[in-house]
Amino acid sequence: MQEIRIVEYSHSLAEKVADMWNKSAEGWNGMNTSRTAEKIISEHSNAYHLNVFLAINSQDEVIGYCSLDKYTQDEGALYINTLNVRPDYHGKKVGKMLVLACVKRTMELDWPRLDLYTWPGNTKAVPLYKKCGFFWEKREDTTHLMNYMPSVLKTEAIQDFFSEADWYEDSKREIEVKPDGRKENGFDYFEYNWEHSGKNLRVEFERTGRGMRLIETDDYLISAVIENHELVFGRDYSITYSIINKTGRPLKVELYGRNDKNITYSLQHSAEVTDTESITGRFHLGEVTEDQKPGRTHPGVVTEVFINGRKAVFKTGVLPVYPASITLHVPGHQCYLNKEALCILDLENKFRETAVFAFSLQDRHGIHFLEPTHSISLKPGERTTVDIPYILNQYLFYSEVLNVKAKLADGAVISFSKRLDKAFRGRNGILWGESEDFCEIFNGPFMLHLNKQDNWMWSRRIYSDKFNPVWVFPKIGHPFSSELADRKADHIECSRDDDAAVMKATYTLNDFPGLRLFVITRLEASGIIKRYYEVENLSETETSQEVWLSDSFIQPLFRGVLPYENRFVHVGADTEWTSSFWENSKITENWVFACGKYTNRGICWEPDQLIKFDDWSMFFEFNLGKIPYGGKVATSPVTFAIGVFDRWQDFRAYALQRDVVEVPEACGHTSIEVNGGNPFVGDDFEVTLNEYRNMGSKPVLSLSKGSGRNPDIVMAEVEIDSFIKDVQTAIFRKGKNDIHTGTESVSGKKVLWLDNGLLTMKASPDFYHALFSLQYSGNEWLDSSFPTPSTKSWWNPWFGGICLHFEGISPISMLEERCEAAFVSLADDWGNRWQGIKVSVAVEKNERYKGLTFDFYYLTLPGVPLLISFYRIHQNTGLHIPWKYIEWSLFFKADPDIFNNQLQLITMDGDRVRMKAGKSQNYVLTDEPILYHSPNRKEKLMVYTDINNQWLEAGTNNSLLMGFAGIRRELKNRDVITVPPVFLIFTEEYMNADLFRDLKNIRFDFRGERNEDH
């Protein structure tokens, strides 16, 4: 059998830990992420584990992992955060070794309990946990297990038994894969049993008090019983101890009551028990100011029990309740001013008899209750709702004490108070409020909620989806402390700063004496949230070590975009979108973006900061250095934008704090790349797979290289374990013949023509800067007035073809300027050599815009059914030109008969529509290509452009078939701008924009431009 040893984690083992996780997907229901040593180190640097135990085999491989933390969701316990055993080592007792190492460590640190969570379907591990001393408590919200063995083994009264017995090996507990516990009068009792060398021991624990309530040995049985678990506060109740002496010899038993939380208990009793005895004590259940949290330790009736002088501590928890449970609800997402509406009170009688509850809600400035006074009779345990009409004059946070009188059947009247805290909010206005459990600030439709129990904060917008950011409690270190996970702030201050609501929470740190932490969160009316921290040194000396702060938050990347490896990677919604699939070191700009389902969210930070990812969250680590006496150091803010930016490209500009003229395109996290990203291919070309996520399994690529058409579609099927995705892209096959050019005179005007073997283009500088003719397979596709301008539809003069309109320069004025044309050759970044016609217009006569030069390019490749058209503007006016609309106008003629001209497109609503020319006027914007065609032609003409950087519009009227591609740009003096090209593609079928994404890779080097005039 292999030797397996347990060691402590260190960063030197990070690569082996990563290897273990990468081989453990099966044990986590097939989770398919890839870990690296860097990621493991990052995760553990941000963690606050007390210990991390690793199981190592004889080959020095890490085969198991178990992290031990302080349990932050309850008092008095440590917590197994993560347990993993490599699947090929399941059943070899590795998990047992790791769990028992945690149990032992819990005892060494003198903690009374060890907890863990798992998922309900993890039935394979439940027997292991139960055998190691855990009980599975029945809860509706989670699968939670508790281990009381540390309490058992430190109980003096039964230590003699374990001096001989082994608590693990001699356990006789029945192991079943279901929640544990015996239910009685609302109590849940968990039972341990041992037998060793004919000796027996039975111990029971009560679930909510987390304490022992029964010990049975071969000599005696002592148990504690309270009549009911749920008790109304403010009254006295009894607890009964039953003692059975099995020996016949005198058994000395002493009982001493102890106070616990709101329970006052002073029993003192001593007895010599020879047979049986029953002892009853009385305790007082004091008032509570907040409802008991289900997952936290309840107040308990605590008794120190001495059995023949040896001590055991008994504790039975109770559920203290108000005489009536009362909760205020404000239905709906928002309130409306000066309109009668209803709020709702839930009431539940907690007495074990009928009671009449009388109360009156108090008006507050801004709200008037139309029926404030109520008297309601409820039977024992009966529930009801009370509709309370109100009129709201202004939005407010209602925080008032409701005074209630409960009259019982015997005439007794019991008074109690319940605080009601609820926001009456709308879509505008700043308000805030605080209760025992939370603090909230509102700014119009936005809100922030701070849970005062664990210091998690979550955000929300009215009608938002579920993907809002959530902030985890802050941690100070190194090593990082979890002390703020289960304690309230010293105080919380809310204020208004201009158009922002600000929440400032203050904490005096116990783990770092002398330091005070301020958590400042600023919620602006726009939906911008800025969060930062301040740490103040109140001691008399400088801190001895550098102070670090960890700021963790959860932001799902659902339909997100990441600046990743100097690209922009679209995360999508088809597979996992948690942060565990991404490497923080590959984030190349200071932002991330997530589109959510209804609401967009962006996160940005200062460029000198580095965002980090772990399995479920993102975080920043701030090194605040050594803080001098009296000094205060602040972190740089992290900004969250909720529903502020429509596009990730706009948020990117905000994050970079500069205008980004060219809007980039995002690529898919799973995509194929043809010919290195060059869509123009020869006979042979390579297809590679790009997968940016950290995946545990290597993707398998099944490829189809197309049918031989031009353009063609390369299709691939990508299989990653059980997930199969189809990806595809378009390619253009280059011809082998030369391009022919020539010059001719038509109607006295110089005409330049170019033929690439499939299509022919023509332009005339004597006519206009337009490309006036484009023929494919002998058919003309452009509608033009060449050789002379004319009047048509809305235009006078009308030139048709492909031409430009620049806001502020009329076609008449443009016609007056000097126009030249030449054949040109340009190489793109992929080495493709394009040829075509360049038409240039120098503005000299227009007083406002003289100094502008327009270069219009119409280019193609040999044998490719594609024309690329774009323009460059040289701004040398000596002045600044503010934002102007600049638009390509394209006039098509798919058929000589106007009534046979049609176009097809997909609207921004996703509708596929066709439009016919020759009838009514219609203009439609689209994010997809536009297909122009006639029923009399086999081929069709598709217009495609980068819609992230210019709009694309289709148009028809009674005389024209049109297209428009435009931008709005600012032109600084001496600027040279190149607009995104428009591609005219001849095809036989409609093709979606995503197929042509590689066309956006085409960039030209104008320094190598070759001009030749014919």
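This is a predicted model: local features need pLDDT of at least 70, side-chain atom pairs count only at pLDDT 80 or more; totals for chains, interfaces and linings use all residues.
The side chain of R210 reaches the backbone oxygen of R207 at 2.7 Å. R210 sits in the loop between strand 10 (199–206) and strand 11 (211–217). Is R210 buried or exposed? With a relative accessible area of 9%, R210 counts as buried, because the cut-off for that label is under 20%. Setting aside neighbours within four places in sequence, R210 is in contact with D74, R113, E137, M146, Y148, F205, G295, R296 and T297. A further pairing in space involves K315, which is 105 residues from R210 in sequence, with the two C-alpha atoms 7.4 Å apart.

E137 has H144 in strand 7 as its bridge partner. Strand 6 and strand 7 (residues 143–147) pair in the antiparallel sense over 4 bridges. The sheet itself is an open one of 7 strands, ordered 1-2-3-4-5-7-6, with mixed pairing. Its edges are strand 1 (5–8) and strand 6 (134–137), and each has a single partner strand, so one side of each is left without a neighbour in the sheet. From one strand to the next, the twist averages 25°.

Helix 1 (residues 14–22) packs on this sheet, where it touches strand 2 (51–56), strand 3 (62–70) and strand 4 (78–85). The direction of helix 1 makes about 100° with that of strand 3. Which residues of helix 1 are buried? They are A14, V17, A18, M20 and W21. These residues cover an arc of only 160° around the axis, which puts them on the same side of helix 1. An α-helix has 3.6 residues a turn, so residues three or four places apart point the same way. The cover over the buried residues of helix 1 includes helix 2 (37–46) along with strand 2, strand 3 and strand 4.

The largest nonpolar core has 117 residues, and W194, L345, F357 and F424 touch the most other members. Strand 28 (residues 396–408) supplies the largest share of this core, 7 residues. F424 gives a sense of the surroundings: beyond neighbours within four places in sequence, F424 is in contact with V330, C335, C343, I367, Y390, L392, Y395, L396 and Y398. Apart from this core lies another, of 93 residues, with L782, L866, A965 and I977 among them.

A965, one of the residues in that other core, also turns up in strand pairing: L952 stands opposite A965 in strand 75. Strand 74 and strand 75 (residues 961–971) pair in the antiparallel sense over 6 bridges, and the two form a hairpin with 4 residues between them. Strand 74 also pairs with strand 71 (residues 922–926), again antiparallel, through 5 bridges. In that pairing Y923 has G955 of strand 74 as its bridge partner. How many of the 6 residues of strand 74 (residues 951–956) are buried? The count is 5, so strand 74 is largely enclosed by the rest of the structure.

Another open sheet has 4 strands, in the order 51-55-54-53, and its pairing is mixed. Strand 51 (680–681) and strand 53 (700–704) stand at the edges with a single partner strand each, so one side of each is left without a neighbour in the sheet. Inside the order, strand 54 (residues 712–720) and strand 55 (residues 723–733) run antiparallel and are joined by 9 bridges. Across that pairing, M715 stands opposite Q728 in strand 55.

Last up is S495, which belongs to strand 36 (residues 491–497). S495 is partly exposed, with a relative accessible area of 26%; that label applies because the value falls between the 20% and 50% cut-offs. Not counting residues up to four places away in sequence, S495 touches W432, A500, A501 and V502. S464 lies 31 residues from S495 along the chain, and the C-alpha atoms of the two are separated by 25 Å.

Conventions. Residues are numbered from 1 along each chain as its sequence is written. Side-chain values use heavy atoms; hydrogens and water are left out. Buried means under 20% relative accessible area, exposed over 50%, partly exposed in between (1.4 Å probe, protein chains only). Contact means heavy atoms within 4.5 Å. A nonpolar core is a set of buried Ala, Val, Leu, Ile, Met, Phe, Trp, Tyr and Cys residues joined through side-chain atoms within 4.5 Å. Two strands pair if DSSP finds at least two bridges between them. Axes are lines fitted to C-alpha atoms, for helices over the stretch in contact, and angles run from 0 to 180 degrees between N-to-C directions. The arc is that of the directions from the helix axis to the C-beta atoms. A polar contact is a pair of N or O atoms within 3.5 Å; within protein, one must be able to donate a hydrogen and the other to accept it, and residues adjacent in sequence count only if both atoms are side-chain atoms.
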